[in-house]
Amino acid sequence: MKTMTENNKLGALKAILSEHLFSKEVENEMDRYPTQAIIGLGQGGGRIAAELSRFGHPTFLLNSSKSDMEEHNQLIPDSHRIVTSSEEFPELEGTDKNAQLGYEIAVENKKKYQQVAIADEIQDAEFVWVCVSLGGGTGNGALKVALSYLSRVREARKLPGDKIPLGVICSLPSSDERGSQFRKNALAGISLLQSMVDQNQIGSILVIDNERMNDYYEKSPLKTNGGHQVDAKSYSNMVVSGLIAEISSIPLLSGRSVLDKTELLSTLSTPGWLSISRNNDIKTDSNLSGVIDMLFRNNEVLAEYDSTSTVNAAVAIMYPSSRNIEPRIADDVYKFSSDLLETKVNLSISNNSRVKNLTLYGIAVLPSPPTRIAKLNSELQEWLQIEEDRKKAQKEAAASLNLGEFDDFFSTKQDKPQRRKKLSLDDFEESDENNQNAKRFTPSSLDDIDF
């Protein structure tokens, strides 16, 4: 894997990455960076996966629509962009947000999902991420098929505690996305993931909450070096891929207390719902209790959780090499984190030559899905009522036209007009041998008809 300085595919990501990724401390230890593989399902999942692929992770995309994947042809090779076409529905490219149809197409293409699951890049990786938009049809529909095979394959790399190093990155629809279908898809996907968590078939699940995208435009939207504004969904995917890159580098840092690679992978492989956040704007006189509370409860793009009864957690403290951190601050960060999360917290304390301010990372795995799920359920009921009202209004509008008398107009009950028979020359040349006076027609007998 290339260092961040050598990597020429990061693009606009460079603008939001922590400076410590470009430090000599990290670059000198890149051979110990956790190896990860990425699988993107559907269009939304493909876009998340594409951002992660910029760091050099081997990445596979699976989609029933070839055109959805073409936008990533500069990042992901043809052999890793796999079209899951359907023989039963050959005319379809995509599923029009129908997750049940997406599931049928995935089952029909199960051999392709098996081949990806057993690929060397997947089997050799220390951790595998599956990316999907839960509001969609193709990716969400394929989730059960993909995870079933991947869970079986990744069992071979189980960590202590029977943890499977296989995680999911998924997004939830925002309230701006109209209709019940988005919410049905998302809630069905959450139900599937919770079931797999309960059965210890996967590790942690990181959730992007698209409802938070509105806040993005209220702040200063990110612009590329060329001056192009980055859209909110792309920004969300960039933040997530950047956070994963940054926490993956923590085991490479030396210091007073170390979060080693096994501890990081064990945290990510814990079955549950994953929260990751960063705060790099901490002053020495900050209220650390409040800082820790915000660190684990607030993230600009990730979903919000009830942080009680945390299953697993880690906190990393990074400070500039030019000045030491007060022991009191490190002790308080650890204490406040443990008290808030009510669980054992793995701790990392390191310095770095590139960071300018005291920086904290918080990682927590929680037992229950995000608090947004309750709101999604409420929105679903509202949309079902809206759609039912629309159907009723359509019927009432049709009835108000007073066209009932024509209900049977196009039916077999109506008097039928006499069927018209097409005449042939034989019809004109027939003779009645029993009637010698019958007139015999020939083609020339019709020449006098003037049209």
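User: Is H57 buried or exposed?

Analyst: Let's start with the idea: buried means under 20% relative accessible area, exposed over 50%, and partly exposed in between, using a 1.4 Å probe and protein chains only. H57 has 7% relative accessibility, so H57 counts as buried. This is a predicted model, where local features need pLDDT of at least 70 and side-chain atom pairs count only at pLDDT 80 or more, while totals for chains, interfaces and linings use all residues. Residues are numbered from 1 along each chain as its sequence is written, and side-chain values use heavy atoms, leaving out hydrogens and water.

User: Which residues is H57 in contact with, leaving aside neighbours within four places in sequence?

Analyst: Contact means heavy atoms within 4.5 Å. With those neighbours set aside, H57 touches M1, Y33, Q36, I38 and L52.

User: What should I look for in a salt bridge?

Analyst: Side chains of opposite charge can pair when their charged atoms come close. The rule asks for a side-chain nitrogen of Lys or Arg within 4 Å of a carboxyl oxygen of Asp or Glu. By this rule, there are 20 salt bridges here. One of them joins E379 to R372, with the closest N and O atoms 3.0 Å apart. Both E379 and R372 are buried. Through shared partners, salt bridges link R183, D209, E211, R372 and E379 into one network.

User: How exposed is R328, and which residue does R328 pair with?

Analyst: R328 is partly exposed, at 40% relative accessible area. Its salt-bridge partner is D332, with 3.4 Å between the closest N and O atoms.
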